[in-house]
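Subject: Handover of a structure

Dear colleague,

Please find below the structure that I am handing over to you. My notes on its helix packing follow.

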Amino acid sequence: MMQDPDPFDRLHQAFDIADPAFAENFEKVLDNLVTRCPVAHSELGAGYHVFNRYKDVRRCGQNWRTFSSSDGWMLNPPADNIKILPEDLDPPYHTAWRRVLNPFFTAEALVALEDNARGYAADLIARFAGRGNCEFVADFAAQLPGLILFKHILPVPVEDLPELFNDIDIYSFGSLPDRTPAFGRVYAYLQRFLESRSKQGARGDLVDVILDGVEKEGSPCSWHDKVHVALDVVFGGLATTTHAMSGAIYVLASQPEVRHALLKHPEQMHTAVEETVRLYAPVVAVGRTVRNDVKVAGVALKAGARIALNYAAASRDPDACTNPRKFDIARDEVVHTAFGVGPHRCIGEHLARLEIRVAVEEFLKQIPAFELKPGTEPVYESGQLRTMKNLHLQWAV
Ligand code: HEM
């Protein structure tokens, strides 16, 4: 029997990551891609193939020599694109940066943060708990990651936080033409901040390590590269986690059975966090450049071609995950690619897990029963990154 044509099949041969149909039917399109179209193609810009299956995404992600990051993660970057490092690098320079940055992001290094993180989360929730409603993204999820990052990981003067948050908000959620200028202002801020810290004594924190820098081809790296590294930590560490924790709260609001199960089995919180990241993957897809002729999933790729690794689709691959559409907190193992694969695997994965866990635990402590505000559904914005722009909740007080 012939399969019915699907309204989204047109995306298979004319893929556009910014297509509103993709943004609005995100899960359906991802499921279609991973089950019916292992390799999609986009004709936008120079054109690129999109790999959707878990095994192909893993294969390409692990092989940085053939699938290089040095032309950047953006599929069709604007002319005034600002690079982020170490994301837009290949080994060995990439490895040198990861070696010095990684120690600040291990699960062990982050244990000391948890009490503070819990305190910030509890304070934010206490501001609206008595009101009986909130817009979760603005009232909570857009604030918590920044409080933790800028107070503990990359400590900036507290009085600078409002301006910094404002620009980060514009570059994460603002209209497209406003984003690059806002990103430029964050870059300029970090440049001034690093300059000022370079004149002060060492504090043994991440900023000192960035200022010390690493070697590039036997010489000290440039000052600008250091600013681009700080930018990557800021860029990587905010809107991503904001989206994932909003996804977690959305599931608990819209699937009360999951909320009840989690309240009954708090020991399954780790699985709930991993399911959140798998199904609410904020980094949808990243670009790579093919460095030598190669065949992947039957498709011949020429050196110089661009490809996209669809982390969000691969995280819903039925060959890697049983019943992938279900948010299942009782899974034995959660297999996904939402934190990336290979040398660029997310440096902040343990921090993200901690923040999402703390957010959900503290929310449930103060507001154990809540629901979506009737007549509302979250609004998303999608491209290579996906963000939930708002999530209206209500509860009895
Ligand atoms: C749920 C939250 C998060 C998700 C799903 C996520 C996802 C990712 C993914 C998929 C990559 C790999 C990109 C590639 O393959 O090219 C990545 C890289 C990165 N992430 Fe995250 N991220 C999250 C949170 C964070 C946090 C909290 C931080 C830091 C504070 C962070 C910092 C970075 C950095 C610096 C990189 C570049 C690593 C490299 O190139 O070696 N991320 N992230």
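Helices (H or I, at least four residues) are DSSP runs, numbered from the N terminus. Axes are lines fitted to C-alpha atoms, for helices over the stretch in contact, and angles run from 0 to 180 degrees between N-to-C directions.

This is a predicted model, in which local features need pLDDT of at least 70 and side-chain atom pairs count only at pLDDT 80 or more, while totals for chains, interfaces and linings use all residues. Residues are numbered from 1 along each chain as its sequence is written.

The axes of α11 (residues 176-198) and α13 (residues 223-237) come within 9 Å and cross at roughly 120°. The two helices are therefore oblique to each other (angles under 35 degrees count as roughly parallel, over 145 as roughly antiparallel, 65 to 115 as roughly perpendicular and the rest as oblique). On the α11 side, the contact (C-beta atoms, placed from the backbone, within 7 Å) is made by Val186, Tyr187, Leu190, Gln191 and Leu194. Lys226, Val227, Ala230, Leu231 and Val234 contribute from α13.

Valine 186 also touches Leu164, Asp167, Ile168 and Tyr171, among others, not counting residues up to four places away in sequence.

A second pair is formed by α7 (residues 114-129) and α18 (residues 349-366), whose axes come within 9 Å and cross at roughly 40°. That angle makes α7 oblique to α18. Among the residues in this contact are Ala121 and Ile125 of α7, with Val358 and Phe363 of α18.

Yours sincerely

Conventions
Two residues are in contact if their C-beta atoms, placed from the backbone, lie within 7 Å.
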